[in-house]
Amino acid sequence: MAEQDSLRQTHDTAPSGILDAGVGAILSTLRHVFALLSFAIVGLIVWYFIFGGAFTVEEQEKVLVMRFGRLDPKPRDPGWNWTWPYPICEIVRIPVNRQTLVTDAFWFYTDP
């Protein structure tokens with residue numbers, strides 16, 4: 001009986017020591033992964049706000065910038081421009097090329 005108790009005690013203590021070391025290693029790894037993901041997410045947000053508002057205006061178009069739904073009075077020249085990204089500003093592109101529309105009839109055909 002004493003032999004069984006000593007075997008049980010040895011059996012109980014050995015895995016718990018190994019489990020404590022394993023759990024500690026997993027927790028340490030998870031802390032590092034969480035820190036890495038946090039830095040990556042913050043980096044992506046910063047990158048989006050810096051480079052997400054960059055756009056180019058072609059010679060054949062005009063660009064209206066709407067900030068919070070209101071028209072921004074500052075005109076945008078052709079070339080590279082920057083404004084706040086989508087949730088703050090919206091870019092509306094308007095082509096200024098001469099456009100023509102040719103139609104054969106003004107109204108749809110009706111049978112009298």
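## Helix and strands

The protein contains 1 helix and 5 strands, taking helices as DSSP runs of H or I with at least four residues and strands as E runs with at least two, both numbered from the N terminus. Along the sequence, these elements follow the pattern α-β-β-β-β-β.

Please keep in mind that this is a predicted model, in which local features need pLDDT of at least 70 and side-chain atom pairs count only at pLDDT 80 or more, while totals for chains, interfaces and linings use all residues. Residues are numbered from 1 along each chain as its sequence is written, and side-chain values use heavy atoms, with hydrogens and water left out.

## Surface and contacts

Of the 112 residues in the protein, 11% are buried; buried means under 20% relative accessible area, exposed over 50%, and partly exposed in between, with a 1.4 Å probe and protein chains only. The accessible surface is about 10100 Å², and carbon and sulfur atoms account for 66% of that area, as computed by the Shrake-Rupley method with a 1.4 Å probe.

Contacts are heavy atoms within 4.5 Å. Among those between residues at least 6 apart in sequence, 64% join residues at least 24 apart.

## The sheet

An open sheet is built from 3 strands in the order β3-β2-β5, with antiparallel pairing; two strands pair if DSSP finds at least two bridges between them. Strands β3 (70-71) and β5 (89-95) stand at the edges with a single partner strand each, so one side of each has no neighbour in the sheet.

Strand β2 (residues 61-67) is joined to β5 by 7 bridges.

## The nonpolar core

Which residues form the largest nonpolar core? They are F55, V57, V63, V65 and C89, where a core is a set of buried Ala, Val, Leu, Ile, Met, Phe, Trp, Tyr and Cys residues joined through side-chain atoms within 4.5 Å. At least two residues of this core come from each of β1 (54-57) and β2.

Leaving out residues up to four places away in sequence, V65 touches F55, R70, L71, D72, R76, T83, C89 and E90. With the same exclusion, D72 touches V65 and R67. D72 lies in the loop between β3 and β4 (79-82), and its relative accessibility of 15% counts as buried.

## Aromatic pairs

The whole structure holds 3 aromatic pairs, meaning rings of Phe, Tyr and Trp (its six-membered ring) with centres within 6.5 Å; planes under 30 degrees apart count as stacked, over 60 as edge-to-face and the rest as tilted. The ring centres of W47 and F51 are 6.1 Å apart and their planes are at 45 degrees, so this pair is tilted. Both residues lie in helix α1 (residues 2-51), 4 residues apart, or about one turn of the helix.
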